[in-house]
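Subject: Structure for you to look at

Hello,

I am passing on a structure that you have not worked with before. Please have a look at it, and then read the notes below.

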Amino acid sequence: MAVAIAPSILAADFARLGEQIREAEEAGADLLHVDVMDGRFVPNITLGPLVVEACRRSTALSLDVHLMVEDPGRYLEAFAAAGADGLTVHAEATQHLHSSLASVRRAGLRVGLAVNPLTPLEVVCEALPLLDLALVMSVNPGFGGQTFIPTTLGRLERVRTWRDRLNPDCRIEVDGGIVPANAAAVARAGADILVAGSAIFGGEGSIAENLDSFRDELRST
Ligand code: DX5
Ligand code: ZN
């Protein structure tokens, strides 16, 4: 399967959010990544179900909602009702990870698990049979525009080995500091979905040109 690109709206111009989302969709984005931050799990605050619902009305793209919030179980229903297609919770954000993943499944959405850069990957291995998506963070979550952490490549390789053995249908996603220059490397290491914010909404060219730059680099993989 071709590597998918998920523009992260965190780097979009929120005064023109609908327009920018439609531009990304027309340019062939594969899904739309939506970063929810609560000011507790991460220092930053971004958006909630209201904006997810607005995204839902702006696009037919699948909404890949990344919950960087403490105790995500409190909000799963609200994001499901807002129109999310997949919900990703952080292993570090809840004492009751199995329960949160099961709630996402019960809501009929794609089940995602995210791990921070130094979180032991064993939790991904344990959870793999329950997952549709394993998100390997390549920066410390909280802000766009950070630099890719190179040890992520080895982590992607380990997750891919487990994924191939335990749940071949699970997709592996990488998020943070992804730019055309490292796109091929992360794809070769195992990433199936590349999240990119600044490089798409804040890159040198138009949204379409920036997406093309990724595709050019990925052609070699
Ligand atoms: C970071 C977020 C990312 C962010 C990536 O905490 O989870 O999705 O939007 O932004 P860039 O691509 O700018 O690193
Ligand atoms: Zn994200």
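**What surrounds E173**

Leaving aside residues up to four places away in sequence, E173 is in contact (heavy atoms within 4.5 Å) with H33, D64, L133, A134, L135, V136, I193 and V195. This is a predicted model, in which local features need pLDDT of at least 70 and side-chain atom pairs count only at pLDDT 80 or more, while totals for chains, interfaces and linings use all residues. Residues are numbered from 1 along each chain as its sequence is written, chains are lettered from A and ligands numbered from 1 in the order in which they are written, and side-chain values use heavy atoms, with hydrogens and water left out.

E173 lies in strand β7 (residues 171–175); strands (E, at least two residues) and helices (H or I, at least four) are DSSP runs numbered from the N terminus. E173 is buried but has no salt bridge. Buried means under 20% relative accessible area with a 1.4 Å probe, protein chains only. A salt bridge needs a side-chain nitrogen of Lys or Arg within 4 Å of a carboxyl oxygen of Asp or Glu. The nearest side chain of opposite charge is that of R110, 7.9 Å away; Lys and Arg count as positive, Asp and Glu as negative, and His and the chain ends are not counted.

β2 and β3 (residues 62–68) run parallel, joined by seven bridges; strands pair if DSSP finds at least two bridges between them. L31 stands opposite S62. With helix α2 (residues 49–58), β2 and β3 form a right-handed β-α-β unit: with the strands pointing away from the viewer, the path from the first strand over the helix to the second runs clockwise.

Four bridges also join β3 to the parallel strand β4 (residues 86–90).

Regards

Key: Buried < 20%, exposed > 50% of the residue type's maximum accessible area, 1.4 Å probe, protein only.
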